[in-house]
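Reader: I have a structure to go through with you. Could we begin once it is on the screen?
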Amino acid sequence: MLTAEVSTIFNYEGQIKKIHHILHAPSFEIVDQINEVLSKYGDLKADGRPTLMMSAPELVEKLMEINKDIVITSAHIWTPWFSCFGSRSGFNSVEECYQDQTKHIFSLETGMSSDPAMNWRLSSLDKFTLVSNSDSHSPWSWRLGREANVFDLKKVTYWEIFDAIKKKDRERFLYTIETSPFYGKYHYDGHRNCGINLHPKDAIKSNNICPKCGKRLTIGVLHRVEELADRPEGFVPKDAIPFKTLLPLYEIISFAWGSGELYSKKVLEEHDKLIENFGNELNVLLNVPKEELLKVTNEKIADAIIKVREGKVKYQAGYDGMYGKPIFDENFVQKKIELPTQKSLKEF
Ligand SMILES: [Zn+2]
Ligand SMILES: [Zn+2]
């Protein structure tokens, strides 16, 4: 799949709007044409997610002029700074964001900090199909595939995939894989630098002002969904695509062992061992029975994998750019397990 993310910056009724979009193209020829047109609006080589000085509807219009098979998905629609519904620079509806070009938008990316169930609470989103992608911009390979769309297709082609998405066809688009919305970087409200992490109810109690620095809190995804929802929690639209909630295997191992480090050779070795034995990460996370896992790994990790699979994990919620953390062991901070680590420079 030829795909890229772009950021559009534009003025809307006196406010600066910053919106991310995922572009999909059916061929390299069309990619060349897209590059030619979009390079007039920004430096495409500046970084992996080019910034374009054009409005969201303008972007869609220009792309549709190139080829009607280009698919534009609104990216991680709830994140505060760069999305359709973002608390800081977004809108209150998809129609407000994409204007008359909304007719070409049929898919929305739920992002890490929201899951489909949260989105089902807005009746205005029923006409769109919710999709889930890794949104992996960092060098950590284990974040690839942390969210995914699962299909059962006769032929895996660009057109088949998007036809299934467009028609919200439950025969072909089976389910999405989600991380827990608590894991996402913007689930709760707060201030990263002040160490303030609040449930929306508590943020509202303090007028959305940081109790430490007195400035406005970064309002997270849960708060925004609550503001815009017109349905109660737990509502399921009848044609909804189901979902499963998982966590990257690397992070399961890392947190189950109590280290939670972003990079650990030991964790990576355990991770690779499981994948080598059972074929791929999703098979380990979704299917392999505990007895089989125990032949390869220890009880603690096998238990953690099963807990994630069965949705029995508690989380410390993410906020203001900080990832949420799974808590496998109530006493995990105290019970620090000594892991063999890489030698420090002094030891050489
Ligand atoms: Zn983005
Ligand atoms: Zn603060």
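Reader: Are H191 and C194 buried or exposed?
Author: This is a predicted model. In it, H191 and C194 are both buried.

Reader: Which protein atoms are the donors of the zinc ion (ligand 2)?
Author: The zinc ion (ligand 2) is held by ND1 of H191 and by the SG atoms of C194, C210 and C213, at 2.0 to 2.4 Å. Along the chain, these donors follow the spacing H-x2-C-x15-C-x2-C.

Reader: And why is the arrangement of the four donor atoms around that zinc ion called tetrahedral?
Author: The arrangement is tetrahedral because the four donor atoms subtend angles of 98 to 124° around the zinc ion (ligand 2). Four donors count as tetrahedral if all angles lie between 85 and 135 degrees.

Reader: Turning to the largest nonpolar core, which residues touch the most other members?
Author: That core has 46 residues, and I34, L63 and L125 touch the most other members. Among the elements that give two or more residues to this core are β1 (2-12), β2 (15-25) and α1 (28-38). The most comes from α2, which gives six residues.

Reader: What is I34 in contact with, leaving aside neighbours within four places in sequence?
Author: With those left aside, I34 is in contact with L23, A25, L63, I66 and I70. Another core, of 34 residues, lies apart from the largest one and includes Y183, A256, I301 and I306.

Reader: How many cavities of 30 Å³ or more are found in the whole structure?
Author: The search finds two. The largest cavity holds about 120 Å³ of space.

Reader: Which residues lie nearest the centre of the largest cavity?
Author: Of the 13 residues lining the largest cavity, W120, F128, L130, K168 and A240 lie nearest its centre.

Note on methods:
Residues are numbered from 1 along each chain as its sequence is written. Chains are lettered from A and ligands numbered from 1 in the order in which they are written. This is a predicted model: local features need pLDDT of at least 70, side-chain atom pairs count only at pLDDT 80 or more; totals for chains, interfaces and linings use all residues. Side-chain values use heavy atoms; hydrogens and water are left out. Donors are N, O and S atoms within 2.8 Å of the metal (3.2 Å for Na, K and Ca); water is not among the atoms, so sites may look incomplete. Four donors count as tetrahedral if all angles lie between 85 and 135 degrees; four count as square planar and six as octahedral if opposite donors are over 155 degrees apart and all others between 65 and 115; anything else is irregular. Buried means under 20% relative accessible area, exposed over 50%, partly exposed in between (1.4 Å probe, protein chains only). A nonpolar core is a set of buried Ala, Val, Leu, Ile, Met, Phe, Trp, Tyr and Cys residues joined through side-chain atoms within 4.5 Å. Helices (H or I, at least four residues) and strands (E, at least two) are DSSP runs, numbered from the N terminus. Contact means heavy atoms within 4.5 Å. On a 1 Å grid over the protein atoms alone, a cavity is a set of points where a 1.4 Å probe fits but cannot get out, and a pocket is an open set with protein on both sides within 12 Å along at least five of seven lines; lining residues have an atom within 4 Å of a point. Grid points are joined across faces, edges and corners, and a volume is the space filled by probe spheres set on the points.
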